[in-house]
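I opened the model to look up two things.

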Amino acid sequence: MALNKVQMLELYRKMRTIREFEETVAKFFSQGQIPGFVHLYTGEEAVATGVCANLEKQDYIASTHRGHGHGIARGASLNKMMAEIFGRIDGECKGKGGSMHIADVELGFLGANGIVGAGLPLATGAGFAAKYMKTNGVAICFFGDAASNRGTFHESLNMASIQKLPVVFVNENNMYGISMSQERHQNISDIADRAGSYGMPGMVVDGNDVMAVYEAAEEAVKSARAGGGPVLIECKTYRHHGHFEGDACIYRCDEEVNAWKAKDPLPRFANRLQEMKMATEAEIDQIDAEVKKVIADAVEFAQNSPVPTLDELTKDVYCD
Amino acid sequence: MVEMTYSQAINEALEEEMRRDEKVYILGEDVGLFGGCFGVTTGLFEKFGGERVIDSPISETAIMGSAVGAAVAGLRPVPEIMFVDFLGVCLDELVNQAAKMHFMFGGKAKVPLTLRTACGAGVGAAAQHSQSLEAWICHVPGLKVVMPSTAADAKGLLKSAIRDDNPVVFIEHKALYGAMGEVPEGEYTIPLGKADIKREGKDVTILAYSMMLHKALAAAETLALQGIEAEVIDPRTLVPFDKETLYKSIEKTGRLVIVHEAVKQGGFGGEIAAMVAEECFDFLDAPIKRVAAPFAPIPFAANLEAAYIPDEAKIIAAVKSFF
Ligand SMILES: Cc1ncc(C[n+]2csc(CCOP(=O)(O)OP(=O)(O)O)c2C)c(N)n1
Ligand SMILES: [Mg+2]
């Protein structure tokens, strides 16, 4: 279904929000205000945005260590996400999880994950639950190119396939797993090819083109929701930052980085919107300014939130 | 003696053993070109090439499992699992394959591999990248378990581990990689199963390993100013465990505090306490104390993480409860 102007601008706003959020996190991380490991989604915004725009309330997503963009695309609170990354009590997880474990289960966000490939069976299970309980829901699993070498990938695709589960496996092929380029970590160039081994459709899309991602996901989600079984979508994309903040990126060259920056999904979509007469430059600027403000507010919220009290240490280990 | 970091000492041990024995090779994620997630294998790829310092896909099951197969077939693999937390995704290969093969096959197979991995909290890495899981593997007959606290120990123990014909799990502490230490010049090894008295004292025995050894030493300094002389023992290897050194110390001091960063419940400290209670109860003048982490996953927030990890103050309080 063709998107209208409001929906298109909403896609742009989401992508801009993710970008602004990530660049803000990068800034505070470099200032030493955020501890631990931070993996940023800058450059890959079109994937989460294009996919999640197809989701309904009852749907689930499972994410990765690079999960901020997935959470934002699913509609998690920016304030709570930022507070979590700062380790504050008003964070999504009371400051106990941090960047790698942000989650909002009520919202259908099964969490970022510190274990590569762990989301694949989780999403398979959420898809199973949807089918079992007849919620008409689907489950999305975001995972990296390098995660497709874990056993969980193969086991999950096979299980989802034989059980015809409503799961859409969304591969974010940013061409690297830390320092390992895709050509060094697997002997195929299209991860979508692996879908065939499990008897499910696989498609390759330009992961820096939000419309292309949206359309591929629309078809896959529709089919999964209608009982057609799982689909694998491979989105070719690139991370602008290092694997984690602080990574010197010795394993890739400037030309490659610059070539991909030239395909940055944000200006690309902004231009397209203008070409299609969906938005004027002024409207785009207006969104950018609004987003800046929203993210600044999230930082303020996070910084004003207290750190957790020590009694939180042993709370939430079990539920009552 | 030469000054170097814990990380450099491990790197030297790897290099020396690779030069000494062509059967030794390294396999792990980002261990080659990148030099390791923590930089520990820096330079080895350049020195030995991609055939012996092998960058693996994210396939821990195959890293561990292929190391077991290669070991049985005659090599001496040194696989790396980036974080001890990831043992969960290759535990079968370690526990049901590597550990049991020699026994199940009636002594006919050898599995001479050394699994290197990093444990420990203190860097804000949260619940899935900070654990100390040694108790899991100390429970498995057939595995040896090493947890060095200093650069010199790390080097000498790693060399012994690589030469050992059994599967050895060598657990490094990620917050110690940058710690400087004096390392003997030239070739040396430290036998597995030999504790080291890191500080002598007569009033109380503190048994601590890995990062906690350093906290115990700091606590001992403070206690000394207050007239309490603590003996600090570093077991260095948990399996096999050097009971003799510990028992001798307790005979002298009559008091024991066990410190580890792992969760107290089900931790290896409980095993040590039970051994002491069973085998040298008569030496004790006071109940055994354990200082360890609470029964909860490791929190992200910096203040919670700091409160979670056992520290000098908690060790001092445990010691002082005796006096
Ligand atoms: C089971 C497991 N192995 C290794 C790691 C360490 N690690 C974290 S992210 C990463 C690379 C992941 O690459 P990919 O799946 O392509 O995702 P990307 O980071 O490129 O988004 C690795 C090796 C981990 N967290 N979990
Ligand atoms: Mg990748």
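I started with the sulfur of Cys141(A): the closest cysteine sulfur, in Cys52(A), is 12 Å away, too far for a bond. A disulfide needs two cysteine sulfur atoms within 2.5 Å. Cys141(A) is buried, at a relative accessible area of 0% (buried is under 20%, exposed over 50%, partly exposed in between; 1.4 Å probe, protein chains only).

Next I checked Cys37(B). Its sulfur is 13 Å from the closest cysteine sulfur, in Cys249(A), again too far for a bond. Cys37(B) also counts as buried, at 15% relative accessibility.

I noted the ground rules. This is a predicted model, where local features need pLDDT of at least 70 and side-chain atom pairs pLDDT 80 or more, while totals for chains, interfaces and linings use all residues. Residues are numbered from 1 along each chain as written, chains are lettered from A and ligands numbered from 1 in written order, and side-chain values use heavy atoms, without hydrogens and water.

Then I turned to ligand 1. What surrounds ligand 1? I listed 21 residues, the closest being His65(A), Arg66(A), Gly114(A), Asn174(A) and Glu60(B) (a heavy atom within 4 Å). Residues from chains A and B take part, so the site is shared between chains.

I logged polar contacts (N or O pairs within 3.5 Å). The side chain of Arg66(A) has an N or O atom 2.8 Å from an oxygen atom of ligand 1. A polar backbone atom of Ala146(A) is 2.9 Å from an oxygen atom of the ligand.

Notes: Polar contact = N/O pair within 3.5 Å; in protein donor to acceptor, adjacent residues only side chain to side chain.
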